[in-house]
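Please keep the sequence and the structure in view while reading.

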Amino acid sequence: MMAAAQIHSTAIVAPGAILEDGVTVGPYSIIGEHVRLGAGTRVGPHCVVDGHTTIGPNNHFYRFCSIGGIPQDKKYADEPTALVIGGANTFREFVTVNIGTAQDAGTTRMGDDNWIMAYVHIAHDCQVGSHVVIANSVQLGGHTHIGDWAILGGLSAVHQFVHIGAHVMIGGTSSVRQDVPPYMIGAGDSFRPIGINSEGLSRRGFTDQDILVLREAYKIVYRRKLQIDQAIEALVVLQQDHPAERQAVQTLVDFLRGAGRGIARP
């Protein structure tokens, strides 16, 4: 059975805030009136958590985090937009995560088991999946979508509205201005894919045959000089030839069908 919330004597917790069992709030931190902290969540010293923010269980916010702040968007007019964070996420020093805007879904969302390193900025309306690693000083523009298991190298910047697919590996100091399909690995300014993130896929249980088929999918998308609709048609044929790997390829097909900014090219 978890203990009641522990609040340092110098912390300020607004009367409307909800702190579930086992929450700890460190020295000089501030918790706003519309905040809910899930069981076992730890808020370190000198943090601010405000806005209409709902945080799941067992998250850890290190010192000087700013969570649930208003968007850095001149159009924002104090609408009651929100931030929703899942469970078991780690936020290192000086991370900032903003609430959403009325121009989008109104909610910034993050999943579970994400590892967010120091000085990362997650802007308004971002949608971050689960098991994502975002290294030091990465900056996510507004409305960015990051798929499950993606890894973003330090000092990288992601343009607003860009979508990065699941299992993508972005090398450090990259500038990502167009959508990055699932499974890709690459780097650069601008970001350029160089192949399939085979090592990462292998670590996550993809079979050798899965990876072989996805390498063929990469060639279809990037080596045949096809338009996206033509590449999708070729990928559908690939699925028919490899029914056991159909779902892995379908993830790529679905992403390409929804790519709004065009895809990053080698």
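Is Tyr-28 buried or exposed? With a relative accessible area of 51%, Tyr-28 is exposed, because the cut-off for that class is over 50%. The model is a predicted one, and the points below are grouped by topic.

**Backbone geometry**

- Most residues other than glycine have a negative phi, and most peptide bonds are trans.
- Tyr-28, which lies in the loop between β4 (24–25) and β5 (30–31), has a phi near 65°, a positive value in a residue other than glycine.
- Tyr-119 likewise has a positive phi, of about 65°, although it is not a glycine, and its place is in the loop between β16 and β17.
- The peptide bond that leads from Asp-189 to Ser-190 is cis, with omega near 0°, and Ser-190 belongs to the loop between β27 (184–187) and β28 (192–196).

**Aromatic pairs and a charge over a ring**

- Five aromatic pairs are found when the whole structure is searched; one of them is the stacked pair of Phe-64 and Phe-94, with 5.0 Å from centre to centre and 0° between the planes.
- This pair links distant parts of the chain, since Phe-64 is in the loop between β10 (60–61) and β11 (66–69) while Phe-94 is in the loop between β13 (90–91) and β14 (96–98), 30 residues apart.
- Phe-94 is partly exposed, at a relative accessible area of 35%, and its ring also pairs with that of Tyr-119: the centres are 4.9 Å apart and the planes stand at 10°, so this pair is stacked, the limit being under 30 degrees.
- Phe-64, Phe-94 and Tyr-119 together form one aromatic cluster, in which Phe-64 is partly exposed at 36% relative accessibility and Tyr-119 is partly exposed at 48%.
- Arg-92 places its charged end over the ring of Tyr-62, 4.0 Å from the centre of that ring.

**The largest nonpolar core**

- The largest nonpolar core has 68 residues, of which Ile-122, Leu-140, Leu-152, Ile-164 and Leu-235 touch the most other members.
- At least two residues of this core come from each of β6 (35–37), β12 (82–85), α2 (208–222), α3 and α4, and α2 gives the most, with eight residues.
- Leu-235 is in contact with Ala-217, Ile-220, Val-221, Val-249, Leu-252, Val-253 and Leu-256, when its neighbours within four places in sequence are left aside.

**A buried charge and a helix residue**

- Glu-245, in the loop between α3 (228–241) and α4 (246–258), is buried yet has no salt bridge, and the nearest side chain of opposite charge, that of Arg-246, is 11 Å away.
- Not counting residues up to four places away in sequence, Glu-245 touches Gln-209, Asp-210 and Val-213.
- Ser-198 is in helix α1 (residues 198–203) and counts as partly exposed at 22% relative accessibility.
- With residues up to four places away in sequence not counted, Ser-198 touches Ile-211 and Arg-215, whereas Ser-198 and Ile-263 are 65 residues apart in sequence and 20 Å apart in space, C-alpha to C-alpha.

Conventions: Residues numbered from 1 in each chain as written. Predicted model: local features only at pLDDT ≥ 70, side-chain atom pairs only at ≥ 80, totals over all residues. Heavy atoms only, no water. Phe/Tyr/Trp six-rings, centres within 6.5 Å; stacked < 30°, edge-to-face > 60°. Helix = DSSP H or I, 4+ residues; strand = E, 2+ residues; numbered from the N terminus. Buried < 20%, exposed > 50% of the residue type's maximum accessible area, 1.4 Å probe, protein only. Lys NZ or Arg CZ within 6 Å of the ring centre and 35° of its normal. Lys, Arg positive; Asp, Glu negative; His and termini not counted. Salt bridge = Lys/Arg side-chain N within 4 Å of Asp/Glu carboxyl O. Contact = heavy atoms within 4.5 Å. Core = buried A, V, L, I, M, F, W, Y, C linked by side-chain atoms within 4.5 Å.
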